[in-house]
Amino acid sequence: MHIVVCIKQVPDTKIIKINPKTNTLDRRSAPAILNPYDAHAVQEAVKIKGKTGGTISVLSMGPPQATAIIKKSIEIGADRGYLITDRAFAGADTLATSYALSKALERIGKELPVDMVICGKHAIDGDTGQVGPGIARRMDIPPVTNVIEVAEVNQEEKTVLIKRKLSNGYELIQSELPCLLTVEKEINQIEYSPMLNMIKAARYEPTIWAVSDLENVDRTQLGLKGSPTIVGKMFTPPRPEGGKRLEGSPDEQVKQLMDVLMEKKDLFTIQPSK
Amino acid sequence: MDFRDYKGVWVFIEQKDEVVASVSLELLGAGRKLADKRGVELAGILIGENVKHLTKTIFEYGADTVYVYDQPIFKHYRTETYMKALLECTEKYKPEIILFGATSTGKDLASAVATDMPTGLTADTTELDVEEETGLLLASRPAFGGNIMATILCKKYRPQMATVRSKVMKALTPQTGRTGKIIEETISLKEEDIRTKVLEIVKETVKKVRIDEADIIVAGGKGLGSFEGFQLIHQLAETLGGAVGASRDVVEAGWIEHAHQVGQTGVTVTPKIYFAIGISGAIQHIVGMKNSGLIIAINKDKEAPIFQACHFGIVGDAFEIVPILIEQFQMALSREKVSNNSKG
Ligand SMILES: Cc1cc2nc3c(=O)[nH]c(=O)nc-3n(C[C@H](O)[C@H](O)[C@H](O)COP(=O)(O)OP(=O)(O)OC[C@H]3O[C@@H](n4cnc5c(N)ncnc54)[C@H](O)[C@@H]3O)c2cc1C
Ligand SMILES: Cc1cc2nc3c(=O)[nH]c(=O)nc-3n(C[C@H](O)[C@H](O)[C@H](O)COP(=O)(O)OP(=O)(O)OC[C@H]3O[C@@H](n4cnc5c(N)ncnc54)[C@H](O)[C@@H]3O)c2cc1C
């Protein structure tokens, strides 16, 4: 079983702060981290490998500093890491991103055939959730999105049983291998990394590829050039008009508010008294 | 690619258990505006098994045409099958714009289809417009950080595609008896060739929190100070018979689960009444609740941005105001009860 997990480096929006007065982003405060959903994707690969054995590779497209998230993935339990980094990838939208990643997957697959690709449900910065299904289409393997459990992997039959989240429950899907999954956070808990992994990670040197290391690449499909979507204007959404300020003592203010609320009293469930 | 070959606005109609998803009805409303501005048709594309009768609803909500794929192979949503139908239909009729709900199904399908076409796909759109002359779709979405909106354009490819968040567009009032053209299509797909199978659909028995369905939401922010302080929000919600909402900071502090989070990375809500208590009013929060019917803000900082986004604002301490409100409301309700009883 060879599982490849696609991982993205993102700024930590938990730490990033917005100044509520000016509504501007304080970028200095945002360290780069492994996209949280992708951490769960790596963890899931580790879980699957625990049952089936095999190899876990992680793949990222990003700046050279993205080696940090590859090391992080090795800590969680990945075996190999690949980083594709090149000026030519810059400015990619999701279509160009899935193209570049699928080309790298092609090369990884030549070294060791890929049985499963796992992505996060979405990246917390770009937040489109479009890259995973895009890669699946380019590799022509079935995508299963919003996965909350990988219930069974049958290596003989080359099938996998998956629970996909729905708004009011889940569906149980059987898919052929290879396939691509995108995972929800609830699929697993990130476990403490064994000391051995930490040591391995500290010394690990990922494989780094530029465009020229990939085969049959149509450069017009990469980066900004290969992106059909472009970011047009950026604007601050107009704030809605400020409303009426209620005046007076707390009691008086509440009284005025009550008048407003009681105009809508049909909304409130008035229990019949016993 | 000759853009003149591409005409009309399409909405992918999501359906489950014989009903059209509300986001699809909202998109028909939004699509109608775009189509009218361009002077083109609005069409729905409906895929499923035993779904033909849904065309009635789709026409009543504004579509001129519905393309229907009604075959057993479409019983359950699967990317592989639905994608094939949509690609085939698009190839044949060439729409200029296709809109999808930004639901798990809509996103999954749109991402796959856009890759094969290939074309650009704007994600999680919250504002839509079109250039009358060129037909260029102006799809805006909150950009990273969310305090800024970015308009995403797809100038060189057709059709232009976007997924659109639910509860931000408005459905038209349905016109009973309004009809249109039904175009039935079939696709030759063999079950053996499909690599995924839906074995079972399991509905959750415990009802999950769905704050997007509530008429009244009482939302609390970091200003409540602590988990214990936040219980005040639950009390007011209970008194008013409403649901509890929260800012992201509250969710991150662990005072309540993520299902209650309102905003860009939470749920978009449009209740009839929305209380924002101890919430500063960051834009990421506002985008999730600004379309509420009546917005009431309580905050002790008179400069808090939330006051720019509410209908009625009280500058004061939540721990002073809210208990009075609960008391007053309970009194008012019991008066109502008495008068209701004496009536009948
Ligand atoms: C303001 C703004 C708006 C944008 N809007 C759009 C838009 O509407 N449509 C559009 O097509 N593009 C858009 N983009 C571009 C988009 O953010 C980038 O293409 C980004 O590289 C990938 O998209 P994502 O972050 O949304 O990833 P997602 O699709 O959310 O990521 C899902 C998963 O894919 C994998 N993955 C994603 N990126 C990588 C990577 N670099 N390396 C390895 N694995 C990865 C990870 O497993 C991740 O969990 C926008 C960019 C900006 C700045
Ligand atoms: C990418 C990204 C996505 C985000 N998505 C979301 C999202 O979906 N939803 C969301 O809500 N936020 C989101 N945020 C976070 C957002 O920017 C704000 O940080 C957050 O909304 C602030 O929460 P708050 O208003 O509860 O807290 P604060 O900003 O700390 O505000 C607390 C308020 O309480 C008031 N207060 C204090 N004590 C009292 C009292 N006793 N009585 C009355 N008022 C009092 C204060 O005056 C203050 O205005 C996102 C941020 C980023 C970067």
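Why is the site around ligand 2 shared between chains? A few friendly points on this predicted model follow.

1. The site is shared because the residues that surround ligand 2 come from chains A and B. The shell holds 28 residues, and the closest are B:Lys222, B:Ser247, B:Thr265, B:Ser280 and B:Asn299. By class, the shell splits into 15 polar, 7 nonpolar and 6 charged residues.

2. Three helices of chain B are worth a look here: helix 6 (248-252), helix 7 (283-286) and helix 8 (318-343) each give at least two residues to the shell around ligand 2.

3. A polar backbone atom of B:Lys222 is 2.7 Å from an oxygen atom of the ligand, and a backbone N or O atom of B:Lys300 lies 3.2 Å from a nitrogen atom of ligand 2. Ligand 2 taken alone exposes 990 Å², of which the protein buries 87%.

4. Turning to the two chains, 79 residues of chain A are in contact with 91 residues of chain B. Together they bury about 7600 Å², with 61% of that on carbon and sulfur atoms.

5. Between chain A and chain B there are 3 salt bridges, including one that joins the side chains of B:Arg195 and A:Asp140 (3.2 Å, N to O). Polar contacts link 20 residue pairs across the two chains, both residues being at pLDDT 80 or more. On the side of chain A that touches chain B, helix 6 (residues 250-262) of chain A supplies the largest share, 9 residues. That side of chain A has 34 nonpolar, 24 polar and 21 charged residues.

Technical notes. Residues are numbered from 1 along each chain as its sequence is written. Chains are lettered from A and ligands numbered from 1 in the order in which they are written. This is a predicted model: local features need pLDDT of at least 70, side-chain atom pairs count only at pLDDT 80 or more; totals for chains, interfaces and linings use all residues. Side-chain values use heavy atoms; hydrogens and water are left out. A residue is near a molecule or strand if one of its heavy atoms lies within 4 Å of it. A polar contact is a pair of N or O atoms within 3.5 Å; within protein, one must be able to donate a hydrogen and the other to accept it, and residues adjacent in sequence count only if both atoms are side-chain atoms. Accessible areas come from the Shrake-Rupley method with a 1.4 Å probe; for residues, only the protein chains shown count as cover. Helices (H or I, at least four residues) and strands (E, at least two) are DSSP runs, numbered from the N terminus. Ala, Val, Leu, Ile, Met, Phe, Trp, Tyr, Cys and Pro count as nonpolar, Asp, Glu, Lys and Arg as charged, and the others, Gly among them, as polar. Contact means heavy atoms within 4.5 Å. Buried area is the accessible area (1.4 Å probe) that two parts lose on being put together, summed over both. A salt bridge is a side-chain nitrogen of Lys or Arg within 4 Å of a carboxyl oxygen of Asp or Glu.
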